[in-house]
Structure formats: C-alpha cells, structure tokens
Amino acid sequence: MIKYSWRRRLNVLLHRPQFCTSVLPLDDFSDTQDSSCIIQHKDLLRKSRHPSGTGLYILDLVDGGSLEPSRTLYNLLLKRCTHLNRLKEGRIVQAHITNSHFGDDLVMHNTILNMYAKCGSLDDARRVFDEMPVKDMVTWTTLITGYSQHDRPVDALRLFPLMLRQCLEPNQFTLSSLLKASASSTSDLHGRQLHAFCFKCGHDSNVYVGSSLLDMYARCGSMDEAQLIFHSLDSKNEVSWNALIAGHARKGEGEHALRLFWKMLREDLEPTHFTYSSIFGACATTGSLEQGKWVHAHMIKSGGELVAFVGNTLLDMYAKSGCIEDAKKVFDRLEKRDVVSWNSMLTGYAQHGLGKEAVQWFEGMLRIGIAPNDITFLCLLTACSHAGMLDEGKYYFELMKKYRIEPQISHYVTIVDLLGRAGLLEEAEMFIIEMPIEPTAAVWGALLGACRMHKNMDLGAYAAERVFELDPHDSGPHVLLANIYASAGRLGDAAKVRKMMKESGVKKEPACSWVEIENAVHTFVANDDAHPRREEIRKMWEEINGKIKDIGYVPDSSHVLSYVDQQEREVKLKYHSEKLALAFALLSTPPGSTIRIMKNIRVCGDCHSAIKFVSKVVGREIIVRDTNRFHHFRDGRCSCGDYW
C-alpha cells in the first residue's frame, strides 16, 4: 500500500474537476508528512488564518511551501472568484500570480481578464488588457464580450478596428458580441457594416452569428432584414426563433409574433422562458386575453415555471387585458418577487384607476423591505392621479426625497395631471414654472388636457402654444386644442388649428378599435364598411342607440369639428370605431359576459357617455382600454369618474 503525504495528495486532488468530502478539515492541516486531506471546493476562497497572510489560506499554503503553485490551482481560484463575483479575492489571486513564475503567462492573463469582465469590473479588465505584453484572439474577444454584456457597446465597437490592425481574424464569438453591441444603437448602421464583414469572411451562415445578426436587425426595428436573415439560416435554433418573435413583439406586431410562435411549435422546438416572455408581451400590447391564456396554459402543461421575468410579463399581460384579479393571482404564485413584480402590479392598479389599492400595495411593499425605485413612485403617482387622490399624490411626491430618488420629467408630468384633474389649473401652471428642470412638451400637454376637461380655453391655448414650440409634429395637442375650441362653439378657431396641422404636415393618427372574439381579433375604424357582418353590426347599434336615448343619452356633437347641422353631426358620431366594436361584441358574445374593447387613441367624450348608458341597458360590464387608462363601465358609471 502506497501512502501519500498530505501535500502530495492535495496537489493531486486540486487537478480533479470535482472535490470530494474532506477527510480532515483545513483546520487540521499540520506540518507532519503523514497527515492527509482532501480540500473542499467551497474552501478555495477561505480567508487567511493570520493577518500577515496573503488574504487567502490556500495561497498561504503555497507561500509556506506546503503546496506547489500551478496553472490549474490558479485557474480554479479565478473561476471560483468569477462564479461568486468575489472581486476582492480575485485581486489577491491576481497579485499572487503576478509575483509567481506565471506572471507572463498568456492563459493566466486571459483568465484574469475574463474574471474582471464577467464580474462587471470593466475598468480593471481594461487595465489588465492594456498591460498585457501579448494578446491573442481570446484576449480581444473577452474584453469585447465584457463591454457588450455590461452596456458599454461603444467601447466594444471601438476595439474591433484595433483588433483588425493586429491581423487577428475574429471568430463566431467575437462577431456575436460585436453584433450584440451594435444592436444597442437606434440605427443599424454599425450592424450593417458588421453584416458585410461576416458575409465577406463566410461567418454569416454560422447559426450563432446568424442568430446575432437576426437579433441585431430585430432590435433596430428592421424587421424585413431580420426576416430575410431568418429564412437564410441553414439551421435555426431556439435563439433564432426567439429573436424574431421578440422583434415583432417589441414593434407591437402581436399577431405576427403569435403566428411565429404557433409555427415554432409545429417545428417541434421547445419554447424557452424568453419565448414565453415575448409572447406574453405581445398579447399585452394587443390585449389578446384569450390567446394569452392559451399560451399560459401551454407553458404550465410544458412544465414551465413562473421565474421572475416570465411571471412579470404574464402578470402585465393579464393586467393590460383588463383582468387585474388574474394578475394578482399570478403575482401570488411567483416563485420570487422582485421590485419589478411589485411595480407591475402597481402599474396595473394605476391603469385601472384603483388608487386606494395601489396605495395599500405600496405600503405593503415597504413593510416587507422592498426598496422602491423611480418606477415605483411613477406608478404610484399615476394611480393617485387617475383616482383623483390629490393629497396622497402630493405626499408621495415629497416622499421621494426620503428615498433619495430625483424626480424625472415623467414624475412632473403626473403631478401636473394630478393638479389639473382636481381643477387646480393655476396651481398646475405655477408648478410648471417653478420646476427645477426645463418642462417638456409632455408637461405642457398634461396641462392642455386638464384645460380641455375643465373648458379653460385661454390657458389651454397658452399650453398648446408651448407644446407646438417643443414638439410641432405631435398631432395629439393639435386635436385637443381643436376640441377645446369646438366645445366652446368657436368652430372657426378649430378650423384654423386643423388648417395649421395640414400646412405643417401633422397628421392625426387614424382611430381604430378592436375586440378579441374566439381567438380572432376584429378591428374597426369609424364608419367601417369592410367587416363581413357590417349590416348586422349597424343594425345592432341602431337598436342599442334607440334604447340608450330612451333612458337619457344625448349625443355630444361638440366632438364633431365640422360646419354641418346638428342632425348630420349626430350621424358622424353614430359609427365611431368603439361603438362598432361594441355592437359586434354584443352580437358575438353570450349575455352577461364581460366585453373588452381596445382603442389606439383616447376614447372620445361622446362614445364614453354612450358606453356608460349601454352598460346599464344590457346589464354587462364593458372594459375599454385606451392610450390613457382602463375604463370599467358598470350600471351606467365609469371607473374613471368621467375624467381621463
């Protein structure tokens, strides 16, 4: 039987990929040659036993001659530091390597560089890079990848021409990281140049580079190019599919994203958490509740877990589809709840006008020790604004100082909206004047919206002028000002605003509304005659219109900006897109069921009034989501309190 000394046995075991349970703990190491030990992996970064040591006990053993220094030992230590993000210990190991005979070893330098890059200490990584006497492709790729993965795309892209001057040819990993960096730009200029380089070098057909090219074009919004790359790939993996699906989802092309998802399933590819997250985001954008539920069921059936980012997008999908109760159920089932999860619920409460619930949610968040961020306060202030909770909104705006959160322009917009909603127009104007930062078009736009609601024509015109100066191409403020004039009977001034829009090339976004019936989305525009059931739809609205007039509905013709008589103005109001969508939903859904309608712009005042009466006549809840918020119509009332 051969008996190993403990020193020799330790050196042998350090070369093994895994460590076993220790025979003797490190505390029992002695100077006797007969002592034997197996070091545990978790003890690699154990601190020195004495203040005069190196800082790591295992390096003290090396300095004491009890353990031979080796590339394997240093690699193990550096990998452990990287895995645990232990920069302090990593610096100790680096210093020890520098003073050893591995001080000029290229592999060691690359491993040190990799540790700093993956731990996010990019300044240290760059210092190591600059001090390296020799650099290979791994060196350059490691730093480029570090910059790319830690939101420093410009630094990553600047390294590329420097690397080429060293006559080094990038590999698939280098190019993938560079493409990721170029995807951070709003322009695809750098990405196109890299695409040309990939094509020239023959890397464009590589599945990893191809997927990165696809993701780059998708993130830059160039979906036609992304589609071409996708179809040109000889081999497609989950990353390729996810990149294309996510690109369409980000652009609000939910139907396209869903079609790709079904096709992905037919190709027998297993969706990942990223796939589900993108699809839930797409369903949230379009308000496709039934399809979102189907995807949710598929995820459960496939054994998918509600990890944080997937759970957050699922929660958001239910909230944005009008099901705030289901969103709460998802929150309760999340395996881990982070600040994004809490903010997502706050956003849902805010959009649905549930101010009291939002405040209770926020206070509960504080009680369990979740630190709020700027998004938290924005959601909370929005909820207070939508619910008309003036005092609470002011209190929480001041509370931001306690958490050392500097208000951004979005917070100021919400406070102006809060004051305006309460009818405090002069106070809102003074708040804008005294803002510590320059007010934007959005700030003045919030005041303009308040002036429209409270029919303050003079201040509204002043606010509109400020908006036109800051953002002359936004059609929304022009339409608001025209509505203010029209409501006051000043159709001449309203016409001047419309003429100014035409001369400036400002176009009003066409209004459309849509409903989801049996997994199919039906879209309507004003006076729509394209739907195959158009005659039934119009007949249904005529019937409903008569019933709501009998109980007090009076068409608000001030929303028609035309020189026509009252009868013709009422005709123009009759077939707005949300009314047609509502009539179709009444035809296509069982009595008593909830109706959900989505609209791409703010719901008009006359339609808002009409839907309140319809909810009473048909005895059903009608939920309308416009660009501002959700409107829950029940028994002749709306959750917004007629202010939106």
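**Strand β1 and its partners**

I begin with β1 and strand β3 (residues 595-599), which pair in the antiparallel sense over two bridges; strands here are DSSP runs of E with at least two residues, numbered from the N terminus, and two strands pair if DSSP finds at least two bridges between them. Ser513 stands opposite Lys599 in β3.

Please note that this is a predicted model, in which local features need pLDDT of at least 70 and side-chain atom pairs count only at pLDDT 80 or more, while totals for chains, interfaces and linings use all residues. Residues are numbered from 1 along each chain as its sequence is written, and side-chain values use heavy atoms, with hydrogens and water left out.

β1 also pairs with strand β2 (residues 520-525), again in the antiparallel sense, over six bridges. Ile517 has Ala520 of β2 as its bridge partner. Two residues lie between the strands of this hairpin, and Glu518 takes a positive phi near 50°.

Is β1 buried or exposed? Strand β1 (residues 512-517) is largely enclosed by the rest of the structure, because six of its six residues are buried, that is, under 20% relative accessible area with a 1.4 Å probe, protein chains only.

Finally, confidence: the mean pLDDT, the predictor's confidence in each residue from 0 to 100, is 87, and 92% of residues reach 70 or more.

How values were computed:
Buried < 20%, exposed > 50% of the residue type's maximum accessible area, 1.4 Å probe, protein only. Helix = DSSP H or I, 4+ residues; strand = E, 2+ residues; numbered from the N terminus.
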